[in-house]
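Below are some notes on the model for a colleague who has the coordinates open.

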Amino acid sequence: METKLLGGSSADVSAAAELIKNGFVVGIPTETVYGLGADALNEQAVTAVFAAKCRPADNPLIVHIADFSQAVNYARDIPELAYKLAEKFCPGPLTMILPKKDIIPSVTSGGLDTVGIRVPSHEVMHRIIVESGCPIAAPSANLSGLPSPTCAIHVMDDMNGRIAAVLDGGSSEYGVESTVISFEGEDTVRILRPGAVTREMLLEVCREVNIDPAVLKELDAEAVAASPGMKYVHYSPKAKVVVVEGNTADFKKFVSQNSGENVYSLIYGMESDDFEYNYMTYGDTAEEQAHFLFQRLRELDDAGAEIVYVRTPSKEGVGLAVYNRLIRAAGFEVIRV
Ligand code: TXA
Ligand code: MG
């Protein structure tokens with residue numbers, strides 16, 4: 001299959017919407033990361049998404065809609081708290097897990113009786129949903145296991161020849177995938193995957209916000225993951241990634257003792273001035289680190305890195321999402337210096 005690269009013109013957006021309406025899979029921009037979009041109600045189209053990504057069939061897809069008022073078409077027993085959260089955070093990088101209606105095919109929900117609903121804020125994505133007239137199932141547009149794509153070229157790198165088209169909508173604003181939450185009683189939610197809607201932000205609306213144990217550590221082999229995606233190896237470049245916890249001085253000392261030709265460090269921008277070993281930077285603030293993380297993991301592979309030591313991010317705010325992705329990229333190899 002030839003994969004067309006579409007631009008951001010009105011005609012191109014309409015072409016992408018038309019392809020999705022007709023059952024094809026298209027790489028589409030969102031404010032978090034790029035997605036592989038298909039009509040969420042079309043079993044064949046959704047099956048093609050799983051095939052293009054080589055994704056395990058038990059890992060459900062998020063369903064993207066244009067406005068949260070449409071959630072009732074796909075989900076039942078929607079709690080009042082979901083509407084309060086939607087008022088504050090939709091459109092935006094928040095996915096709410098809700099009991100699904102029968103109209104959502106079992107392939108889309110990975111066999112679960114729930115569905116993740118998200119209202120993306122990216123204008124192009126919004127127009128594609130409206131013009132296609134479909135709720136759009138979209139996982140991140142990477143091959144399963146690789147870092148999520150934050151620009152159209154990354155999607156092409158993984159998906160050229162595997163899907164109908166990729167629509168270039170510029171670089172993704174946040175750079176990490178949406179916050180995924182489930183509901184636990186009237187005014188409590190649980191974060192299954194941290195993102196740019198942070199725990200602190202959710203606490204403005206919810207009385208309690210629990211963090212699922214799978215967010216910060218590896219699940220035991222026999223544990224059932226609340227969010228199936230959390231049990232798979234993820235976000236991994238070819239290079240071996242190691243997260244190094246400690247301050248700048250200790251990090252530098254560690255790298256000096258472990259440097260080598262294809263050994264790289266991923267460090268804060270402000271630490272680069274007198275850094276004497278191979279390195280790339282991923283920003284100073286948690287927001288910058290989220291924005292650059294996946295791009296840098298891909299660039300480190302292109303540079304031929306075999307080992308990457310990552311200076312650990314802060315776990316505050318969106319930093320929790322950065323840390324959550326990094327420990328998975330590292331296969332949970334975290335060392336303290
Ligand atoms: O920002 C995002 O969420 C991006 C963009 C494209 O919207 N999408 C995305 O999809 O990251 P994906 O499939 O790569 O990750 C979805 C995560 C997976 O970990 C999956 O297991 C979880 O959400 N998930 C989806 N539906 C679920 C459900 N019904 N119950 C529990 N977890 C669910
Ligand atoms: Mg993904």
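1. Conventions. Helices (H or I, at least four residues) and strands (E, at least two) are DSSP runs, numbered from the N terminus, and the expected span of a helix is 1.5 Å times one less than its number of residues. This is a predicted model, in which local features need pLDDT of at least 70 and side-chain atom pairs count only at pLDDT 80 or more, while totals for chains, interfaces and linings use all residues. Residues are numbered from 1 along each chain as its sequence is written, chains are lettered from A and ligands numbered from 1 in the order in which they are written, and side-chain values use heavy atoms, with hydrogens and water left out.

2. Helix H8. How far apart are the end C-alpha atoms of helix H8? They are 24 Å apart, which agrees with the 24 Å that the 17 residues of H8 (residues 286-302) should span at 1.5 Å a residue. After H8 comes Gly-304, with a positive phi near 85 degrees.

3. Buried is taken as under 20% relative accessible area, exposed as over 50%, and partly exposed as in between (1.4 Å probe, protein chains only). The buried residues of H8 include Ala-286, Gln-289, His-291, Phe-294, Arg-296, Arg-298 and Asp-301. Among the elements that cover the buried residues of H8 are helix H5 (152-159), strand S12 (240-245), strand S15 (307-311) and helix H9 (319-329), contact meaning heavy atoms within 4.5 Å.

4. Helix H5. Six of the eight residues of H5 are buried, so that this helix is mostly covered. The buried residues are Ala-152, His-154, Val-155, Met-156, Asp-158 and Met-159, and their cover includes strand S1 (4-6), strand S2 (26-28), strand S3 (35-39), H2, strand S8 (165-167) and H8. Gly-161, which follows H5, has a positive phi near 90 degrees.

5. Helix H9. With 11 of its 11 residues buried, H9 is largely enclosed by the rest of the structure. Its buried residues, among them Tyr-323, Asn-324, Arg-325 and Arg-328, pack against S10, strand S11 (208-211), S12, H8, S15 and strand S16 (334-336). H9 is followed by Gly-331, whose phi is positive, near 55 degrees.

6. Asn-324, which lies in helix H9, is buried, with a relative accessible area of 0%. If residues up to four places away in sequence are not counted, Asn-324 touches Arg-193, Pro-194, Ala-214, Val-215 and Met-230. Phe-251 lies in helix H7 (residues 248-258) and counts as buried at 2% relative accessibility. With residues up to four places away in sequence again not counted, the contacts of Phe-251 include Val-244, Ile-267, Phe-275, Tyr-309 and Val-337; Phe-251 and Ile-267 are 16 residues apart in sequence and 9.3 Å apart in space, C-alpha to C-alpha.

7. The largest pocket. A pocket is here, on a 1 Å grid over the protein atoms alone, an open set of points where a 1.4 Å probe fits, with protein on both sides within 12 Å along at least five of seven lines, and lining residues have an atom within 4 Å of a point. The space in the largest pocket is about 650 Å³, a volume being the space filled by probe spheres set on the points, with grid points joined across faces, edges and corners. Of the 43 residues that line this pocket, Arg-55, Asn-59, Pro-60, Ile-62 and Arg-193 lie nearest its centre. Strand S6 (114-118) is one of the strands that each supply at least two lining residues, and S6 gives the most, with four residues.

8. Backbone details. Most residues other than glycine have a negative phi, and most peptide bonds are trans. The peptide bond from Cys-90 to Pro-91 is cis, with omega near 0 degrees, and Pro-91 is found in the loop between helix H3 (80-89) and S5. Cys-54, although not a glycine, has a positive phi of about 55 degrees; Cys-54 lies in the loop between helix H2 (43-53) and S4 and counts as exposed at 51% relative accessibility. Asp-77, likewise not a glycine, has a positive phi of about 50 degrees, lies in the loop between S4 and H3, and counts as exposed at 60% relative accessibility.
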